[in-house]
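Open the model in your viewer and keep a selection panel at hand. The stops below say what to select and what is there.

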2 protein chains.
Amino acid sequence: MTEAIKRVAIVGGTHGNERTGVYLLKKFEQTPELIRRSTFDSLTLLANPAATLLNQRYIDRDLNRCFAAEDLANPELTSYEDLRAKAIAAELGSIQHSPIDLLIDLHSTTANMGLTILLSRRQPFTLKLSAHLNALNPAVRVCCGIRWGASSPMLRSLVPLSCALEVGPIAQGVLNASLFQQTEQLIHAVLDYLEAINQGHSPVLPDQLTLFQAIHSIDYPRDSAGELQAMIHPALQFRDYEPLHPGDPMFLTFAGETIAYQGESTVFPIFINEAAYYEKGIAMVLTEKQQVAITDA
Amino acid sequence: MTEAIKRVAIVGGTHGNERTGVYLLKKFEQTPELIRRSTFDSLTLLANPAATLLNQRYIDRDLNRCFAAEDLANPELTSYEDLRAKAIAAELGSIQHSPIDLLIDLHSTTANMGLTILLSRRQPFTLKLSAHLNALNPAVRVCCGIRWGASSPMLRSLVPLSCALEVGPIAQGVLNASLFQQTEQLIHAVLDYLEAINQGHSPVLPDQLTLFQAIHSIDYPRDSAGELQAMIHPALQFRDYEPLHPGDPMFLTFAGETIAYQGESTVFPIFINEAAYYEKGIAMVLTEKQQVAITDA
């Protein structure tokens, strides 16, 4: 028997210009009955209020890279986001003794990732949750991120169970009503699932889940000064989750030359042309498409 | 006989997070023969280098609202963009005695405006140029902006003849290779037209041009504190240039209620859900679709 989920945190505005989460939080704060369920408490957390106010991703640095244990313990880190991370960690605790059982982190992306459940780790509980969400709506895709070491810098690493919702394509600073509604429905599906589990009514789950496992990221072609030399190829733009075969077009130089994918196996790129990843040296993240047994999970 | 065009300025990065123009300028600066023509000089101008470096629209305020004559003459305006506007005005002159005959201002938008020629005024020369570009590529649409008073705050108002290229949908901070190439082709078509005119080979033009004349802008529904109450309705999202009839869905509240267009006549909205216009109180700009005689222009 799964242990009961007693407290759920819904987090938005970890990146201040990802407006879907920001406005969903406002809605939930104005009408808290929407996220109320009988068997657990739901709380909302606007993670980066200053960046949200300015409609920027961050003030000094990416908040979602400020949660490594050694950074949280480092008193010399005093940027706005470092201080904010420490305050959030004090509120949400750390994974060993968090008052939160499960965290839903709301994100959007300029990549065409539709409705994506992004897991940090393969945990039976969140894999089952993901399989349920995918069974409810086959358009929901499930990814497992690149594994971090012992200490992950992401906000959701503070709590025992978590998933990020990545929804796109949405331009930064913009609300897309259709994707807003679909994200809200997905949150309700998560909360309803947790309620059912807590009440001992586990839904029938599929035997298998298609999981896109992140392998590594690819940077844009750059010159020795780091300057961009090419763009995502038009044949790849908005083709997140579609197979990319060796030799397929990957980039287009400013002069109009095609650069092909040089890998040896077919991969499934995601986060293609995410605006915030130019500065991180990420043009896309390559994944492998895997079948994961849910009964074994 | 039209007076010869002797100097053309191609301006990019007026908004630092509109990357198409920024990278087209870099390309033209590295391979200046691309914009070289025999009968006129072409120069490039990166309008807002500091905002471009930070990949932000602006540092202190929107540069493209800093060019009103009274602001340029006001020594008390000393923000980064105010100083930059004064420097650009010193370089490009003012409309009465500018060393530039025609200016092409490169912009992108998160709205689905495809390839748009945006004219500030109805001038025979730029109407003919626009008719030519539309005849070459019927996907090119031509808009005339809301008229400003005696003093316009836009960069392109400094010079006698100008057009802005508005290309979208492109998320801020992102390069879209296909739209990059289409924008470049459009610039070449402008330069080739000017060359032909200078050489006395005016192309055969259509008799009429479809012109979308901006009438007024519409703000999002907001509460008394200015807080957003609704989003662009899914039925209107990405439908720039399509007819909006009285009673058609316009906004969707966060609670899911549809707000209909209340006007009395059919209009053609543009700049629908442009990210940078939330702060300006503009959800879209309504236009009238007009036929303009080119022979009379």
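Start with strand E6 of chain B, residues 161-168, which is mostly covered: eight of its eight residues are buried. Buried means under 20% relative accessible area, exposed over 50% and partly exposed in between, with a 1.4 Å probe and protein chains only. Helices (H or I, at least four residues) and strands (E, at least two) are DSSP runs, numbered from the N terminus. This is a predicted model, in which local features need pLDDT of at least 70, side-chain atom pairs count only at pLDDT 80 or more, and totals for chains, interfaces and linings use all residues. Residues are numbered from 1 along each chain as its sequence is written, chains are lettered from A and ligands numbered from 1 in the order in which they are written, and side-chain values use heavy atoms, with hydrogens and water left out.

Stay on E6(B) and colour its two faces. One side carries B:Leu161, B:Cys163, B:Leu165 and B:Val167, the other B:Ser162, B:Ala164, B:Glu166 and B:Gly168, and all of these are buried.

Two strands pair if DSSP finds at least two bridges between them. Strand E3 of chain B (residues 102-108) runs parallel to E6(B) and is joined to it by seven bridges; B:His107 stands opposite B:Glu166 there. Strand E4 of chain B (residues 114-119) runs antiparallel to E6(B), with five bridges, and B:Gly114 stands opposite B:Gly168.

Now select helix H5 (residues 124-136) and helix H6 (residues 177-198) of chain B. Two packed helices are described by the angle between their axes and the distance between the axes. Here the axes come within 10 Å and cross at roughly 125°. Axes are lines fitted to C-alpha atoms, for helices over the stretch in contact, and angles run from 0 to 180 degrees between N-to-C directions.

Show the side chains between the two helices. H5(B) contributes B:Phe125, B:Lys128, B:Leu129, B:His132, B:Leu133 and B:Leu136, and H6(B) contributes B:Leu186, B:Ala189, B:Val190, B:Tyr193, B:Leu194 and B:Ile197. Contact means heavy atoms within 4.5 Å.

Remain on helix H6 of chain B and pick B:His188. Why is B:His188 classed as buried? Its relative accessible area is 17%. Apart from neighbours within four places in sequence, B:His188 is in contact with B:Phe28, B:Leu34 and B:Arg37.

Move to B:Ala89 in helix H4 of chain B (residues 80-92). B:Ala89 counts as buried at 14% relative accessibility. Beyond neighbours within four places in sequence, B:Ala89 touches B:Leu72 and B:Leu158 by the contact criterion. Draw a distance from B:Ala89 to B:Val159: the C-alpha atoms are separated by 9.4 Å, though the residues are 70 apart along the chain.

Finish in chain A. Its open sheet of nine strands has mixed pairing and the order E2-E1-E3-E6-E4-E5-E7-E12-E11. Strand E2 (41-46) and strand E11 (268-270) of chain A stand at the edges, each with a single partner strand, so one side of each is left without a neighbour in the sheet. Neighbouring strands of this sheet are turned by 30° against each other on average, direction ignored.

Within that sheet, select E7 (residues 208-218) and E12 (residues 284-293) of chain A, which pair in the antiparallel sense over 10 bridges. A:Ala214 stands opposite A:Thr287 in E12(A).
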